[in-house]
Each structure stands twice: as C-alpha cells, then as structure tokens.
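Visitor: Could you take one part of this model and walk me through it closely, cut-offs included?

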Amino acid sequence: MTIAGSAAGGSAGIQADLKTFQELDVYGMSVVTALVAKHPDTKKNVHLQTIEAIEAQFATAVEQVGVDTIKVGMLFSKEIIVAVAKLIEQSSVQHVVVDPVMIGKMNSRLLAEDAIESLQEKLLPLATIMTPNMPEASLLLGGRTLTHVEDLKKAAVDLWKLGSKAVLVKGGRLSGPAVDVLYDGSSVTTFEVPRINTEHTSGAGCTYSAAITANLSKGSSIEKSIRSAKEFVSTAIEHGFSYTNVVGPTYHAGLRKQGLAYKVKVEK
C-alpha cells in the first residue's frame, strides 16, 4: 500500500508508486492524502483530503485485501501525520518504508512547517527504513550542510537516532556519481551508479522508495531491496522523457522493455 499524495500529471506520488508496484509484480493499493495540482486561477497547489477519507481508504484496503508492506510518502500536515501513524500502529504490517516528502524536485515545500516535529516523533520510529533526499536530510538535521559522501554517511548515522531501523540518504544532488548511503544501526553501505545526464527525473524518489517497498514485501533484505530498487530507478531515469517543456517523468517500464541500464556498485 502507498499512503501518499496524488500527482495529477502521473509522474510522482501514488501514480508513480502504483506503476512501480505493477512493474515489480506486487499488488498495489493506495490511500490518497492530498491532491497535488495547481488551480489555474487560485494557484493553490495542495488540496488535502479529510482524516475521515484517509481512514476510510485505509480500512477498505485492509478489509478487502490485506496489507503486508506500507510505503508512506507525502502527508503534508501534522494532523494527517498523526492519523497515519495511528493507523500503522494499529495494523500488522511487516515493513514500513517512510519517504519523508518535505522538499520536492524543484525545492518546493511539501510538508507544513509545524508538521516536522510530528514526523520525527510519530512516524519515523515506525519505519523499517526512511529514505530522505539531501535537502530533506539536511532539514531533519537542523539545516546541516551536506556536500560530500562523507557528509551523507554522518547524516545517515545521526538520522538513525530518530528511531527508524535503517536510513537511506539519497545522494542525487551530489556532484559526480549518484551515491546513496545506508546505515542500519551497525554498518554503513554505499550504493553507486554513474550519474545520468538528464533533467527528466520527476517522481524518481517516489519510484525508488516504492521499489524498495515492493522488494521488501517479497522477502528481500534491506540491502538487496535497495540494490535492486536503485537498478530499477536508474534504468527508469536513463529512459526518462518529456511530453511538454516541463521536467519529464522516469520511465517505469524501462527495465522491462529496455533491459538493465546500470549495475549498482555496493561497498561497505
């Protein structure tokens, strides 16, 4: 199940998550927390769902199908974070992947200012793994500057103290190779592929965390889930495209239709 925002353009949020689940052969369900779409007149971009609607979606999915693994994406408000954390606590899911959606691809704020504390205290301790990008990791660490891989390693260790069983800090905004850093409470592991020269990466973070979720649900370890997910999303980015003059999406069918683009280099 993905608990996240709906991206009307189809490149990110629950749309990216469900496409990823389908490609990786797991049954996907969704709980929509917000509609992300800019109104042409009011310019309002985030339209929150009610707590009642969120609870109804969750209850329906659990009753009709059942849930093994949950991915949490954009929640936006303090009230939604508290409600979702309560639903997860009351469930019997095996794994929870928290993508702390706080800052988007174009540095847009996707989490209310007063919701950060609730995210840290209510949601992160429930996570099997959390997957912040560099700006999100920086924000969770009080504005710390992250520039090099060594900074990401230290950040992963410090973020782990917030309660998640494992932390993956994504280094997509580093210079040089695309390196992500995992800390699982005992050791640091890096996952590296060559940097792909493209701006068409909309939804890449959502896709990555959704792929990790799918792999965990099939019984893979955290490390194997990340390695496979990074190969999936890197291939999707390699074959990304644009349909207009805006940043385009990753191509979720890339691995199936084009074959593996990059093998991930893993180092401890």
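Guide: Leaving aside neighbours within four places in sequence, Ser6 is in contact (heavy atoms within 4.5 Å) with Ile14, Gln15, Val32, Ala34, Leu35 and Val36. Before going on, please note that this is a predicted model, in which local features need pLDDT of at least 70 and side-chain atom pairs count only at pLDDT 80 or more, while totals for chains, interfaces and linings use all residues. Numbering runs from 1 along each chain as its sequence is written, and side-chain values use heavy atoms, with hydrogens and water left out.

Back to Ser6, which sits in strand β1, residues 2-7; strands here are DSSP runs of E with at least two residues, helices are runs of H or I with at least four, and both are numbered from the N terminus. Its side chain makes a polar contact with the side chain of Gln15 at 3.0 Å. That term means a pair of N or O atoms within 3.5 Å; within protein, one must be able to donate a hydrogen and the other to accept it, and residues adjacent in sequence count only if both atoms are side-chain atoms. Ser6 counts as buried because its relative accessibility is 14%; buried is under 20% relative accessible area, exposed over 50% and partly exposed in between, with a 1.4 Å probe and protein chains only.

Burial also marks helix α7: 12 of its 14 residues are buried, so α7 is largely enclosed by the rest of the structure. Among them are Ala204, Cys206, Tyr208 and Asn215. Just after α7, Gly219 takes a positive phi of about 100°.
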